[in-house]
Amino acid sequence: MALDATVHVFTIRLADTDRGVFETLELRVARHPSESAEYLLARVLAYCLEFTEGIAFSKGLSSPDEPAITVRDLTGALRAWIEIGTPDAARLHKASKTTRRVAVYAHKDVSALLTQLGSERIHRAADLEIYALDRTLLNALVPLLGRRMDFDLAVTERNLYLSLGDTTLTGVITQHQLA
């Protein structure tokens, strides 16, 4: 018997001074049974860091050819392909041919991803945006994960300040380039 996805509801007051984005986000995010808590939280943080008009989560495992997050314009044309984790070179090659902007948010060891991708053929590899999410912040956030979460997220100079109740977590987003 197949297990059902767990729906998490996030209320996030986002203050991204780097991009001038100040919004309250109400997100319903389905977590597949095979999805780790780190991956779920990385998806939510990436969504916040990329928040703009036309952003959406994919349908998940039921749509394996889609990125984790997309940004589309009003006509439905794809403006950004956003991956979470460690996508392979073939997937990023396809993404780079599909749209101008491709971003990856790594929630594990980014050096392994960079090594893996560095020797592969990827269309417009120099244009890939690869970000490492702060693993200490994610590890501290995982035990606080609940079905309903309400928190403040401030972003300043790629530093994250997450306030959840009496707890404040900090971390940094580091950008990397393929050699």
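Biologist: Which residue in S8 is the bridge partner of Leu 14?

Modeller: Leu 153 is the partner in S8. Keep in mind that this is a predicted model.

Biologist: How do S1 and S8 run, parallel or antiparallel?

Modeller: They run parallel. Eight bridges join S1, residues 6-16, to S8, residues 148-156.

Biologist: What packs on that sheet, and which strands are touched?

Modeller: Helix H1, residues 37-50, packs there. H1 touches S1, S2, S8 and strand S9 (159-164). The direction of H1 makes about 150° with that of S2.

Biologist: What is the strand order in the open sheet?

Modeller: The order is S2-S1-S8-S9-S10, five strands with mixed pairing. S2 (21-31) and S10 (167-172) are the edge strands, and each pairs on one side only. From one strand to the next, the twist averages 20°.

Biologist: Now S5. Is S5 mostly covered or exposed?

Modeller: Mostly covered. S5 spans residues 78-84, and six of its seven residues are buried.

Biologist: How many bridges join S4 to S5?

Modeller: Four, and the two strands run antiparallel. S4 covers residues 69-72. Val 71 stands opposite Ala 80 in S5.

Biologist: What about the hairpin there, which residue takes a positive phi?

Modeller: Gly 76, with phi near 95°. The hairpin has five residues between the strands.

Biologist: And how do S5 and S6 run, parallel or antiparallel?

Modeller: Parallel, with five bridges. In S6, Tyr 105 is the bridge partner of Ile 84. The chain gets from S5 to S6 through helix H2, residues 89-98, and this β-α-β crossover is right-handed.

Biologist: Switching to aromatics. How many aromatic pairs does the count come to?

Modeller: Four aromatic pairs. Take Tyr 47 and Phe 51: the ring centres are 6.1 Å apart and the planes sit at 50°, so this pair is tilted. Tyr 47 and Phe 51 are both buried.

Biologist: What about Tyr 105 and Tyr 131, how far apart are their ring centres?

Modeller: 4.9 Å. Their planes are at 25°, so the pair is stacked.

Biologist: Which parts does that pair tie together?

Modeller: Tyr 105 lies in S6 (residues 101-106) and Tyr 131 in S7 (residues 129-132), so the pair ties together parts that are 26 residues apart in sequence. Tyr 105 is buried, and Tyr 131 is too.

Biologist: What lies over the face of Tyr 131?

Modeller: Arg 158, at 4.8 Å from the ring centre.

Biologist: Back to Tyr 47 and Phe 51. Which residue forms one aromatic cluster with them?

Modeller: Phe 57.

Biologist: Last topic, Gln 175. Where is Gln 175 found?

Modeller: In strand S11, residues 174-176.

Biologist: Why does Gln 175 count as partly exposed?

Modeller: Because its relative accessibility is 43%. Partly exposed sits between the buried limit, under 20%, and the exposed one, over 50%.

Biologist: What does Gln 175 touch, leaving out residues up to four places away in sequence?

Modeller: Glu 129, Ile 130 and Tyr 131.

Biologist: And what separation do the C-alpha atoms of Gln 175 and Tyr 105 have?

Modeller: 9.3 Å, with the two residues 70 apart along the chain.

Technical notes:
Residues numbered from 1 in each chain as written. Predicted model: local features only at pLDDT ≥ 70, side-chain atom pairs only at ≥ 80, totals over all residues. Heavy atoms only, no water. Pairing = 2+ DSSP bridges. Axes fitted to C-alpha atoms, helices over the stretch in contact; angles between N-to-C directions. Contact = heavy atoms within 4.5 Å. Phe/Tyr/Trp six-rings, centres within 6.5 Å; stacked < 30°, edge-to-face > 60°. Buried < 20%, exposed > 50% of the residue type's maximum accessible area, 1.4 Å probe, protein only. Lys NZ or Arg CZ within 6 Å of the ring centre and 35° of its normal. Right-handed = clockwise from strand over helix to strand, strands pointing away.
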